[in-house]
Structure formats: structure tokens, C-alpha cells
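Here is a short briefing for a reader new to this structure. Look at the model first, then read the points by topic.

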Amino acid sequence: MRKLLVSLLFFVSSALAQTAPQFDVLIRNGRVFDGSGNPWFRADIGIVGDRITFIGPADDKATAKQTIDAEGLIVAPGFIDMLGQSETTLLIDKKAVSKLTQGITTEITGEGDSVAPTSAKLLAEDKEYYEHYGLKADWRSLDQYFNRLEKQQPGINLGTYVGATQVRRLVIGSDNRPPTADELKKMTDIVDDAMSDGAMGVSSALIYAPANYAKTDELIALAKVAAKYGGIYATHMRNEGDTEIDALNETFRIAREANIPVEIFHFKASGKENWGKMPLMIAAIEKARAEGLDITADQYPYIAAATSLDAIVPPEFKSGGRDAFVERLKDPAQRAAIRKAVEGADNFENWIKGTGGPQGILITDVLQDDLKKYQGKTVADLGKMMNKDPLEAAFDLIVQSRDNTGAVYFSMNENDVKLAMRQPWVSVDNDASGVNPEGPLGESKTHPRAYGTFPRILGKYVRDEKNLTLADAIRKFTSLPAQRMKLRDRGLIKPNYFADITIFNPDTVKDVATYEDSNRPSQGIEYVVVNGVVSLDHGKLTGQTGGRPLRGPGYAAAGVSDNGLEPKGKLRGYVTDGDGWPLLRSTLTLLDASGKTVTSVGSKREGKYEIPLDTACKGCKLRAERAGFTTQERALDYNGTNTLTFTFALPREK
């Protein structure tokens, strides 16, 4: 009996040695945080194509096109940015440097304004932007935009909401009035079409004009359409400062009446007069959740917000659009009325008051080259440079730039930021577009969050201050947002999940971008894999990009291709012995017409195998082999799209 057991063990070990798995990428020796919030475990990870195919101790003889030694490093699912702004910057510069260097593999975008659907009229309103960056907007529908993005082969995955602001502008323009019944029907039809094209849901940004002109009933009508398709409602609420409780109550009403999950963008308590109110906001959300409303939020880990400089002006003065607003600022009487409203109004989120005055607002980016001298200056500095009152100087800059000026607002409190971060339903957003220190996207300053958000949490708030555990931070970066956005097969390290993986050094990871010097990539992110493509290697971009458009749950063609890409096929089937019993650990090898190995996988439970393959293979052969059995081959012509099935019945060797 003992001799028999020894013989069996020798046979099994020999079979395993002969069937060592072949991978495109093999990550060895890492501590794996799988994204669930569970403690780490030691494992190797094998990748074939765009999927994770193996997790566990890899055979010493396992081979791969690229092997990554993750000794001393953390291996995690790719980070998911719950609100970026990269829908056009990925078309200007597809590399997504600021995203990849902080571990981001997926971004969700579309805050009120969305890149599509659009029209010639709306694109003309943003003509300066498109011309400045030499970007041709050759799309109108969201489906057309996704097709353009796919051709670009971006550095990261990108999904988007359809913006309620965008829909309103398409139908009503920038007028301050409610829609007629016919107009509202057109608006809901636009949302319906966008959801079918793959929008993640519908979003709003209610502090800005013309979004601010929408009443709650209008938003509920649009949200109901998104809910029908399984989408969510995401919102930059009507107020994040003095009347935030009222804004939360409006948000809860939309969730209740539209029967839709809600994501609150960049959750905060804004304005110095509101510091310390975060516990009240959290309690309100906890109460709503206890009542059955599915409310979650995201945040960035900074005490400064960022938006356009025109946010200092109440929305009612922006009716009619950008040109009309600029003309009002040129008119002395109307400018005086605007100034009076800014200095005395409490009916809007007053950034001048909330930041403590002009010294609390920093100019970050101006579109026009001749005005870039003001970048990096506060509004107080602006007044000195122009030799006039700071508020008048800010108005002048808005006019001179044709309302194309961005600013940072120091309006938050560190304790509130840390408390919000600890809530289990709060994920992470960048609220910044993918940029690059070099090239056209590096010509302006930005908020440091553009480069530093995720490493800042890992370094400052996990390692140094222990505000979060590492396992929980990674859960907030990965499985929590993937669950919220219904990103199928993403957000966890699991077999057959997409190979979006971030590998970092827990001892060195940190943000280095500052408000004064913002275009600085973070440190400590060592490798980033996007859909199986190694895009960051030893902290440096490889030039290989693996991103793709991600379609939402209502995508009409999901049954054919859930991401909206050309359907990718596979070779699949079963391996059995001559009597039909499954043969595990058989090796399936695809050979090209010259006999060179294309890829190789092992059969799993029930003898099943699967080879994802998105390239054609003419005159190829598929070989099945296992120690002790006769090898078989099948000739095939594969077009890279249609799935082919082959079953092998291997007779035992005599």
C-alpha cells in the first residue's frame, strides 16, 4: 500500500511539473489584499489576456511573458475613482499619467455636465476649450463617444453618467425656468437613450447654473428613467455648507420617490462657519439608510475644494449661459448688483465667506496663455497685481478669461474630513481630470488631489495617522465602488475577474503634490495593470495602455458585449478520459500556423478550460495533453470574435 501511495504521489507531482501553467503576467511573492476588507494573504497571481486566471502558490516552473516580483509590496485590485473629470482629457492625452501613478485603473465621470449626448450648439459654447487643445468633437451620442474612446485606447477604464445639466441644456438651454411638459418628455427620452447607450445613471451638480434652476420634481423625473435601467442618481448637492441638511433632505426625497440608489459626490461640510457639523450630516444619512434608502457617498482627502472662479457668484446671475454672464459683469450697474449679492447673500453657497475671504481662494488654471501669470495666486494677490479691490479683480479675471478660470477654495476642516473617511459607506473620488506634468495638460496648475488622492490616504491617513486600516482603505478604493457602480468582475482579486491590479510599497507610498507645486506624481505606486496590460512598471509608465469604456447596467447590447467593444471570443470546452471522466490539470496549448505557442492554460473543475482570445488565429492548432494520456490536437481557424468549443477525450497511454 505504501509503495502504491509513493507511486501515486510521484505520478501527481510529475503531472503537475509537466502541466506548469503559462501566463502573460505572473505576480509572485506579494501580500494580497483582495478588496473585500479581509486581512492579507500570501499568493501569486497569474494573468492570461485581460483576466485573472490563477491565485495561489505558483509552480516554480511556471512561466510568463512578464514576471513581477512583489516581495515586500501590497497587491490590490486597481483603484476606482468615483468621480474624475477625464472624459475629454483622455482624448487629448490618453496616458492618464496622474491617474496611473496613484494606482487608479477605473474612473467614473460626468458630474452634471456630461461629455454626451451633445449637439453642435453646445459644442460651440465650449469652442475655446476644444480649439485650445486641438480636440475634434466628432460625437453626438454617448454611444459615439464610447466608440471614439475605444479607438483612443486610453490608459484607464472610464464610465460616465448622463448629466442632468447636459440634458437640460440640450432641451431648454441655460434659461432660468422650468421645462414645459413637452420639454420634460424630451429630457426623459434623452436620459432613456443615454442609459441604453451605457450611462451609469443620471447625475446632477446643483450649485452651478443652469443645474441650479432645476426643481426637485424635474430631477425625480429623470432619476426614474435611470432607475428603470438599474442606474443610480449621483449628485453634487444643492448646498454643502449652511443649508446642507436641506440639500440632504432633497436628495433623500429623490431617492425615495424615484426608487433609486444615490451617490453623494465629494461629501463634506463646507465653509468655516460649518466646521464641526459633519456628525450631523452623517447622522442624517445613517437615519435615511436605516429607513431603507440606499445612500452612499465619496470624498477626497483634502481641506480645499476646487471649481471654477465664477462659483463666487450666485447662480441666478448666470441665466442665459457664459456669454450672458460675462456681459453682465461688463455692465457697471449689473456688476454692482452682483457684488452686493456676493457680499450679502446667504441663499447660496457663499465661497467668499466660507473660505474666510479673498486670501482663501487660489487661482489654479486659466485657459488663455496671456493670463497664466495669475495661476498660483490668491484672489487677494490678484487684487494687488491689478491694483484694485480683490473682488473686482476676480470679476475682471472672469471677464478677461471668458469665464475659463479655475480656483481652489480652502473651505474645510481636517477633523470633518477624517470623520467622513471612517464611514463604511464612503468611497473615494479624485474630482479631477487625468493630467500630465508634460505636454498640453501640464501647462496649468491643478488641485493636488489630481495626483495625490489615493496615495495620500495610504500614506497620511493609513500608515501615519491610522485613521483607517489598510484593509478598509483598499475596500473603499475597490470593491465598495465596484459594487455601487455594478462594475461586473471588477473591484476584487478573484479568478476570472478583470486583471485590474495595483501594486504599491506600504512603507513609501505618499502624495507629493502641493497647492504651490501641483503637477507632481505620487510616490510608492510600483506597478499598475489595466485589463492585463502592465501600464506602470517600477513607478514608470510603460507606454502600454489597456483602458476601455465601461458601459452601465442598461446598455442595450450588453448581451453581445457589455463594454461596448467588439465582442471578444474565446476557445473553450472540456477534457475527459476515454470513458468521459473529467481530466483536471490537463494542459491546453494554442499553437499558431508556424507551430509557435500563443498561450497555454490548464483544465479546471469538471475538466473545463477557457482561453480568452481577441486576436484572429488562422491555420492554428489547439493541443490537449496530460501525463499518462495520449495527446490530441484540433485544427482551427479563429476570427477573434466568435467563441469556439472543442471537447477532447484523451485515451490512456498503453
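Is alanine 96 buried or exposed? Alanine 96 is buried, with a relative accessible area of 2%. Here buried means under 20% relative accessible area, exposed means over 50%, and partly exposed lies in between (1.4 Å probe, protein chains only).

This is a predicted model: local features need pLDDT of at least 70, side-chain atom pairs count only at pLDDT 80 or more, and totals for chains, interfaces and linings use all residues. Residues are numbered from 1 along each chain as its sequence is written, and side-chain values use heavy atoms, with hydrogens and water left out.

**The chain overall**

- The chain has 20 helices and 28 strands. Helices (H or I, at least four residues) and strands (E, at least two) are DSSP runs, numbered from the N terminus.
- Along the principal axes, the C-alpha atoms fill a box of roughly 100 × 55 × 50 Å.
- Of the 654 residues, 59% are buried.
- Among contacts with a separation of 6 or more, 74% join residues 24 or more positions apart. A contact means heavy atoms within 4.5 Å.
- The chain exposes about 25,900 Å², and carbon and sulfur atoms supply 50% of that area. Areas come from the Shrake-Rupley method with a 1.4 Å probe; for residues, only the protein chains shown count as cover.

**Backbone exceptions**

- Most residues other than glycine have a negative phi, and most peptide bonds are trans.
- Alanine 96 has a positive phi of about 55°. Alanine 96 lies in the loop between helix H2 (89-92) and helix H3 (97-100).
- Asparagine 259 also has a positive phi, near 55°. Its loop runs between helix H10 (244-258) and strand E12 (262-264). Asparagine 259 is exposed, with a relative accessible area of 66%.
- The peptide bond from alanine 116 to proline 117 is cis, with omega near -5°. Proline 117 sits in the loop between strand E7 (104-109) and helix H4 (120-125).
- Alanine 209 and proline 210 are joined by a cis peptide bond, with omega about 0°. Proline 210 is in the loop between strand E10 (201-205) and helix H9 (216-228).

**Threonine 478**

- Threonine 478 is in the loop between helix H19 (470-477) and helix H20 (479-485). Its relative accessible area is 0%, so threonine 478 is buried.
- Threonine 478 and glycine 78 are 400 residues apart in sequence, yet 6.7 Å apart in space, C-alpha to C-alpha.
- Beyond residues up to four places away in sequence, threonine 478 touches residues including Pro77, Gly78, Phe79 and Gly491.
- The side chain of threonine 478 reaches the backbone oxygen of isoleucine 474 at 2.6 Å.

**Helix H12**

- In helix H12 (residues 322-330), Phe325, Val326, Arg328 and Leu329 are buried. Seen down the axis, the buried residues of H12 fall within an arc of 155°, so they line one face of the helix. The arc is that of the directions from the helix axis to the C-beta atoms.
- These buried residues pack against helix H13 (332-344) and helix H16 (390-400).

**The disulfide**

- The count is 1 disulfide, defined as a pair of cysteine sulfur atoms within 2.5 Å.
- Cysteine 617 is joined to cysteine 620, S to S 1.7 Å. Both cysteine 617 and cysteine 620 are buried.
- The torsion about the S-S bond of cysteine 617 and cysteine 620 is about -95°, so the disulfide is left-handed.

Terms used: Polar contact = N/O pair within 3.5 Å; in protein donor to acceptor, adjacent residues only side chain to side chain.
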